[in-house]
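Please read it alongside the sequence and the coordinates.

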Amino acid sequence: MIPGGGQPNMQQLLQQAQKMQQDLARAQEELGRTEVEGQAGGGLVKATVTGAGELRGLTIDPKAVDPEDTETLADLIVAAVQAANENAQALQQQKLGPLAQGLGGGSGIPGLPF
């Protein structure tokens, strides 16, 4: 109910919703272009992902490669990718959080990670 007994201006509401949808699409596009990095083993393994979480690159320092111990290298790779994804999620929250709050609180919106 609108204070004062007035009816909501449907045209204005639709325009606001359309603008928010455009802002959200723009932010998601920017996340897809932005790259963040995660690392493990003091920088021996570095993973680069987009803000949307797509793995784009993996750098392994030759010092991390031990043919006798590939399990440690695998663990470092997993840790670096996880760190990069955590950084991507933080970037998503930073970029999309304010938009989601404008849509009604940010929780329960399909397609958003928060």
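## Order of elements

Read from the N terminus, the elements of the protein chain follow the order α-β-β-β-α. That amounts to two helices and three strands. The model is predicted, and what follows should be read as a description of that prediction.

Of contacts between residues at least 6 apart in sequence, 46% join residues at least 24 apart. The chain exposes about 7,700 Å², with 51% of this area supplied by carbon and sulfur atoms. Of its 114 residues, 25% are buried.

The three strands form an open sheet in the order 1-2-3, and the pairing is antiparallel. Strand 1 and strand 3 are the edge strands, each pairing on one side only. On average, neighbouring strands in this sheet are turned by 15 degrees against each other, direction ignored.

Strand 2 and strand 3 (residues 55-60) run antiparallel and are joined by five bridges. Across this pairing, A47 stands opposite L58, and T48 stands opposite G57.

Is T50 buried or exposed? T50, which lies in strand 2, counts as buried because its relative accessibility is 0%, under the 20% limit. Leaving out residues up to four places away in sequence, T50 touches L31, G32, T34, E35, V36, R56 and A88.

A52 sits in the loop between strand 2 and strand 3. A52 counts as exposed because its relative accessible area is 52%, over the 50% limit. With residues up to four places away again set aside, A52 touches L31, G32 and Q92. A52 and E29 are 23 residues apart in sequence, and their C-alpha atoms are 8.8 Å apart in space.

## The nonpolar core

The largest nonpolar core has 16 residues, of which V36, V45, V49, A64, L76, A80 and L96 touch the most other members. At least two core residues come from each of helix 1 (10-33), strand 1 (35-40), strand 2 (45-50) and helix 2 (70-102). Helix 2 provides the largest share, seven residues. In soluble globular proteins, nonpolar side chains tend to be buried together.

What does V49 contact beyond its neighbours within four places in sequence? The contacts of V49 are T34, E35, V36, E54, L55, R56, A84, N85 and A88. Of these partners, V36 is also listed among the core members that touch the most others.

## Confidence

The pLDDT of the protein chain averages 82, and 79% of the residues score at least 70. Over residues 105-109 the pLDDT is below 50. Beyond near neighbours in sequence, this stretch has eight contacts in the model. Where pLDDT is low, the predicted coordinates should not be read in detail.

Note on methods. Residues are numbered from 1 along each chain as its sequence is written. This is a predicted model: local features need pLDDT of at least 70, side-chain atom pairs count only at pLDDT 80 or more; totals for chains, interfaces and linings use all residues. Side-chain values use heavy atoms; hydrogens and water are left out. Helices (H or I, at least four residues) and strands (E, at least two) are DSSP runs, numbered from the N terminus. Buried means under 20% relative accessible area, exposed over 50%, partly exposed in between (1.4 Å probe, protein chains only). Contact means heavy atoms within 4.5 Å. Accessible areas come from the Shrake-Rupley method with a 1.4 Å probe; for residues, only the protein chains shown count as cover. A nonpolar core is a set of buried Ala, Val, Leu, Ile, Met, Phe, Trp, Tyr and Cys residues joined through side-chain atoms within 4.5 Å. pLDDT is the predictor's confidence in each residue, from 0 to 100. Two strands pair if DSSP finds at least two bridges between them. Axes are lines fitted to C-alpha atoms, for helices over the stretch in contact, and angles run from 0 to 180 degrees between N-to-C directions.
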